[in-house]
Amino acid sequence: GRCKPCAFFHTDVGCRDGVDCRFCHFQHANTKIRVRPCKGKRDRFKKLTNVLVSKVDSNPGAFELKKIVLPPFVEADGVW
């Protein structure tokens, strides 16, 4: 019900906080915990987003999403 599952307990590394962890270590049905991307990857996505927004703002009529060549880090994640 109210507990929040630990994102690390059921991984290969496990939870480093052990019994001091504030999150639940029981198995939860149908619970997928999405791990947050590292800061570097978040920064790269943010930079890419800012570049795309500036292109759209500068000339909205000429912007075509299908013509954009995405960097390898975006294509590798399958985000688009």
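Tutor: The discussion below concerns a predicted model, and it takes up the cysteines, the salt bridges and the overall fold in turn.

Student: How many helices and strands does the protein have?

Tutor: There are 2 helices and 0 strands in the protein. One of the helices is H1, which covers residues 39–58.

Student: How many disulfides does the structure hold?

Tutor: The number of disulfides is 0. Cys-6, for instance, takes part in none, its nearest cysteine sulfur being that of Cys-15, 3.8 Å away.

Student: What makes Cys-6 buried or exposed?

Tutor: Its relative accessible area is 5%. Buried means under 20%, and Cys-6 is therefore buried. The same cut-off applies to Cys-21: with a relative accessible area of 14%, Cys-21 is buried as well.

Student: Which class does Cys-3 fall into?

Tutor: Cys-3 has 38% relative accessibility. This value lies between the 20% and 50% cut-offs, so Cys-3 counts as partly exposed.

Student: Where does Cys-3 lie, and what is it in contact with?

Tutor: Cys-3 is located in the segment before H1. Once its neighbours within four places in sequence are set aside, Cys-3 is in contact with Cys-24 and His-28. Between Cys-3 and Phe-26 the C-alpha to C-alpha distance is 9.6 Å, with 23 residues separating them in sequence.

Student: How do you know that Lys-39 and Asp-43 form a salt bridge?

Tutor: Their closest N and O atoms are 3.3 Å apart. The criterion is a distance within 4 Å, so the pair qualifies. Both residues belong to helix H1, where a spacing of 4 residues separates them by about one helical turn. Lys-39 is exposed, because its relative accessibility of 53% is over 50%. Asp-43, at 38%, counts as partly exposed.

Student: What makes the contact between Lys-67 and Glu-64 a salt bridge?

Tutor: The N to O distance between their side chains is 3.7 Å, which is within the 4 Å limit, so this pair also qualifies. Lys-67 is exposed at 63% relative accessibility, whereas Glu-64 is partly exposed at 42%. By this rule the protein has 2 salt bridges.

Key:
Residues numbered from 1 in each chain as written. Predicted model: local features only at pLDDT ≥ 70, side-chain atom pairs only at ≥ 80, totals over all residues. Heavy atoms only, no water. Disulfide = S-S within 2.5 Å. Buried < 20%, exposed > 50% of the residue type's maximum accessible area, 1.4 Å probe, protein only. Contact = heavy atoms within 4.5 Å.
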